[in-house]
Amino acid sequence: MFKVYAINGITPVIHPSAFVHATAVLIGDVIVGPGVYIGPLASLRGDFGRIVLRQGSNVQDCCVIHGVSENDTVVEEDGHIGHGAILHGCRIGLNSMVGMNAVVMDQADVGDASIVGAMAFVKSGMIIPPRSLVMGSPARVMRELDDESIARKSFGTQQYKDLAIRSLQTMQAVEPLSQQEEGRQHIAEVLARNTAD
């Protein structure tokens, strides 16, 4: 079971349709909405401010999200937070993505349908317009995203929505096999077959 801690009488809230990996840690004022996926080793610390993950968003492996007292830290609906990203007192807009190992700082606002590139550093207070591609350290807006780029991002987010369901239905702690079994199925084949059914 994942680690959930109350602090100062405030207990995290997790919607029953959300998946939270057993190694994730949630502390205090954290609100996890429907269909959310939270991956292994994610740390969500609502010990100074509120953290809100809205419906269909995902927080992948090794992410750190920390709230601040000045404002809520919010990942809006279908927000997509890549492996190792850090969010601190910011807002990630509807259907936006924060790439792997990117950092988004206090009072920054990532506009709807935007993409923050891998390893970008979004400074405190930066306001990113909707449909922006943001890259660099410090981050800057590179261009407006076209519909095809947003559709690719949305496809990736849908995969994590599906993973939340699949994890709730099939993930279990097991002992490893000592050797690969003959005729071992590839996970991609299993997924393709399940999609076809």
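Ser132 stands opposite Glu144 of strand E20, in a stretch where E19 and E20 are joined by five bridges and run antiparallel. Strands here are DSSP runs of E with at least two residues, numbered from the N terminus, and two of them pair if DSSP finds at least two bridges between them. The structure is a predicted model, in which local features need pLDDT of at least 70 and side-chain atom pairs count only at pLDDT 80 or more, while totals for chains, interfaces and linings use all residues. Residues are numbered from 1 along each chain as its sequence is written, and side-chain values use heavy atoms, with hydrogens and water left out.

A hairpin of two residues carries the chain from E19 to E20. On its other pairing, E19 (residues 132-136) meets strand E16 (residues 115-116) in the parallel sense over two bridges, with Val116 opposite Val134 of E19. These strands belong to an open sheet of eight strands with mixed pairing, in the order E3-E5-E7-E10-E13-E16-E19-E20. Strand E3 (19-20) and strand E20 (139-144) stand at the edges with a single partner strand each, so one side of each is left without a neighbour in the sheet. Elsewhere in this order, strand E7 (residues 58-59) and strand E10 (residues 80-81) pair in the parallel sense through two bridges, and Asn58 is placed opposite His80 of E10.

Another set of pairings gathers around strand E4 (residues 25-32). Six of the eight residues of E4 are buried, which leaves the strand mostly covered; buried stands for under 20% relative accessible area, exposed for over 50% and partly exposed for values in between, with a 1.4 Å probe and protein chains only. Strand E1 (residues 3-5) pairs with E4 in the parallel sense over three bridges, and Tyr5 lies opposite Ile27 of E4. Strand E2 (residues 13-14) also pairs with E4 in the parallel sense, over two bridges, where Val13 faces Ile31 of E4 as its opposite residue. Strand E6 (residues 43-53) runs parallel to E4 and is joined to E4 by seven bridges; Ile27 stands opposite Arg45 of E6.

With neighbours within four places in sequence left aside, the residues in contact with Ile38 include Phe19, Val20, Leu26, Val32, Leu44, Leu53 and Val59, contact meaning heavy atoms within 4.5 Å.

Aromatic rings complete the picture. Rings of Phe, Tyr and Trp (its six-membered ring) pair if their centres lie within 6.5 Å, and planes under 30 degrees apart count as stacked, over 60 as edge-to-face and the rest as tilted. By this rule there are two aromatic pairs. The rings of Phe19 and Tyr37 have planes at 20° and centres 5.6 Å apart, so this pair is stacked. The pair links distant parts of the chain, with Phe19 in strand E3 and Tyr37 in strand E5 (residues 37-38), 18 residues apart. Both Phe19 and Tyr37 are buried, and together with Tyr160 these residues form one aromatic cluster.

Note on methods: Helix = DSSP H or I, 4+ residues; strand = E, 2+ residues; numbered from the N terminus.
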